[in-house]
Amino acid sequence: MKNINLDITKAAQFLKAGTVEAYESRVKAAQEALENGTCPGNDFLGWLHLPSSITPAFLDEIQATADILRAKCEVIVVAGIGGSYLGARAVIEALGNSFAWLLQDKKNPTILFAGNNIGEDYLFELTDYLKDKKFGVINISKSGTTTETALTFRLLKKQCEAQRGKEDARDVIVEVTDAKKGAARICADKEGYKSFIIPDNVGGRFSVLTPVGLLPIACAGFDVKELVGGAQEMERACGMNVPFAENPAAQYAAVRNGLYNAGKKIEIVVNYQPKLHFFAEWWKQLYGESEGKDHKGIFPAACDFTTDLHSMGQWIQEGERSIFETVISVEEPERKLLFPHDEENLDGLNFLEGKRVDDVNKMAELGTRLAHVDGGVPNIRISVPRLNAYYIGQLIYFFEIACGISGNLLQVNPFNQPGVEAYKKNMFALLNKPGYEAESKAIRERL
Ligand SMILES: O=P(O)(O)OC[C@H]1O[C@](O)(CO)[C@@H](O)[C@@H]1O
């Protein structure tokens with residue numbers, strides 16, 4: 001079976017000859033530091049060999065819990081934010097029907113996401129929509145104290161119990177959280193909810209292959225064994241025994257650092273399939289939280305093409321030359337649709353009659369690639385044979401291991417996120433949270 005394939009030729013051509021190759025020893029050192037646990041953030045390396053450590057029995061347990069939720073719920077709300085949200089949504093949207101929430105699909109529950117914002121309208125409208133629904137909740141929070149998620153869970157737990165009764169609610173509320181600490185753990189133990197553990201040594205943005213991602217994905221009806229199988233294959237293909245020139249993660253990490261050092265400060269991940277929109281959101285957190293520190297790091301951006309060619313296309317073609325693109329290109333769509341004939345041919349498109357819609361999409365992609373490279377935008381291309389669970393699993397692990405290597409090349413700790421605390425501290429001070437008295441006083445003097 002084919003694997004995802006990385007092509008860096010149209011990016012490396014923007015660098016001095018030999019630049020990528022010159023990273024070989026530094027990449028090797030980064031790989032060794034990850035493997036030996038000697039890099040910064042070495043207490044968060046549990047994701048490194050996670051795919052190969054997942055057992056069939058563990059996946060059966062995930063599936064069994066998902067089956068209960070699927071049988072008892074027409075809607076499942078997945079509450080979580082950041083790494084406790086984006087991976088599940090990325091996979092579910094990539095694999096699902098584009099109009100899933102509009103389909104009266106009796107076979108699969110509708111999956112909704114919440115706990116990822118503090119929008120009053122959003123939460124009001126969600127709880128209002130759920131009023132006459134048989135719904136369940138998967139509450140996902142490693143710390144168990146994240147405000148957005150905790151607020152949402154408070155609302156949903158009360159509503160679920162009110163609508164179903166406490167006993168029945170107990171069967172459809174699941175907590176995914178720390179083994180020992182945090183509000184979600186205490187709540188799960190007290191209420192007797194089914195719970196899954198997020199390992200201590202796996203940070204949120206690297207946690208999609210733990211129950212954080214696997215449970216919602218199984219609830220949505222997708223094959224978590226295939227997903228993990230794809231990740232396992234990439235763990236092998238990106239292993240440190242694979243030579244530098246043949247190792248896609250090593251090559252990707254090297255070329256993007258080469259580009260960064262040559263002044264390309266922004267990486268735009270591009271898709272030509274709208275279903276990959278949230279995959280790019282997941283990627284943005286993975287790379288943004290991992291590399292954006294010590295006043296360093298490539299800014300991770302994303303565009304959906306061809307949609308955004310009609311909005312951001314101008315900037316990409318002719319704006320400041322500080323960008324490069326990483327295109328995720330799906331080789332074969334899951335469905336077939338032909339360009340229809342039209343008697344009047346008012347749009348002049350009869351020359352496309354009988355062609356697959358994807359043939360047109362592929363020429364848009366190729367034309368864009370040539371135009372952007374001509375316009376000074378280095379282009380990395382990752383081709384994905386099909387948009388299925390197996391290849392999404394490959395993409396996930398590929399980007400994770402490349403991120404670990406890349407962060408080490410950048411000489412930052414890729415596994416912490418101290419900067420995220422700043423807004424929380426101010427918010428709690430402004431809200432007069434007990435324990436923040438001094439901060440509250442100080443911040444009010446600045447207003
Ligand atoms: O799972 P938790 O603890 O609710 O955290 C959610 C997200 O919040 C962050 O800690 C940042 O605030 C992310 O790193 C994490 O993915």
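This is a predicted model: local features need pLDDT of at least 70, side-chain atom pairs count only at pLDDT 80 or more; totals for chains, interfaces and linings use all residues.

Q: Which residues touch the most other members in the largest nonpolar core?
A: Trp47, Phe279, Trp282, Ile392, Phe398 and Phe399 do, out of 118 residues in that core.

Q: And which helix gives the most to this core?
A: Helix α16, residues 389–409, with 14 residues. As for domains, the core draws at least three residues from each of domain 1 (5–42 + 228–418) and domain 2 (50–224).

Q: Let's pick Ile392. What does Ile392 touch, not counting residues up to four places away in sequence?
A: Its contacts on that count are Val91, Ala94, Leu95, Leu227, Leu276, Phe279 and Leu387.

Q: Switching to α11. How many of its residues are buried?
A: 10 of the 14, so α11 is largely enclosed by the rest of the structure. The buried set is Val224, Leu227, Val228, Gly229, Gly230, Ala231, Glu233, Met234, Glu235 and Ala237.

Q: What covers the buried residues of α11?
A: Helices including α3 (50–53), α4 (56–72), α5 (86–95), α10 (211–219), α12 (248–261) and α16.

Q: What happens at the start of α11?
A: Asp223 is there: one of its side-chain oxygens comes within 3.0 Å of the backbone nitrogen of Lys225.

Q: Is Glu233 buried or exposed?
A: Buried: its relative accessible area is 17%, and the cut-off for buried is under 20%.

Q: What about the salt bridge between Lys131 and Asp128, how exposed are the partners?
A: Their side chains meet at 3.0 Å, N to O. Lys131 counts as exposed at 55% relative accessibility, whereas Asp128 is partly exposed at 37%.

Q: Which residue does Arg381 form a salt bridge with?
A: Glu365, with the closest N and O atoms 2.8 Å apart. Arg381 is in strand β10 (residues 379–386) and Glu365 is in helix α15, so this pair ties together parts that are 16 residues apart in sequence.

Q: How accessible are Arg381 and Glu365?
A: Arg381 is partly exposed at 24% relative accessibility. Glu365 is buried at 6%.

Q: Which residues do salt bridges that share partners join into one network?
A: Lys157, Glu161, Lys166, Glu167, Arg170, Lys190 and Glu191.

Q: Last one: where does Asn361 lie?
A: In helix α15, which runs over residues 357–374. Asn361 has a relative accessible area of 18%, so it is buried. Leaving out residues up to four places away in sequence, Asn361 touches Tyr272, Gln273 and Thr306.

Methods:
Residues are numbered from 1 along each chain as its sequence is written. Side-chain values use heavy atoms; hydrogens and water are left out. Helices (H or I, at least four residues) and strands (E, at least two) are DSSP runs, numbered from the N terminus. Buried means under 20% relative accessible area, exposed over 50%, partly exposed in between (1.4 Å probe, protein chains only). Contact means heavy atoms within 4.5 Å. A nonpolar core is a set of buried Ala, Val, Leu, Ile, Met, Phe, Trp, Tyr and Cys residues joined through side-chain atoms within 4.5 Å. Domain bounds come from an automatic or database domain assignment. A polar contact is a pair of N or O atoms within 3.5 Å; within protein, one must be able to donate a hydrogen and the other to accept it, and residues adjacent in sequence count only if both atoms are side-chain atoms. A salt bridge is a side-chain nitrogen of Lys or Arg within 4 Å of a carboxyl oxygen of Asp or Glu.
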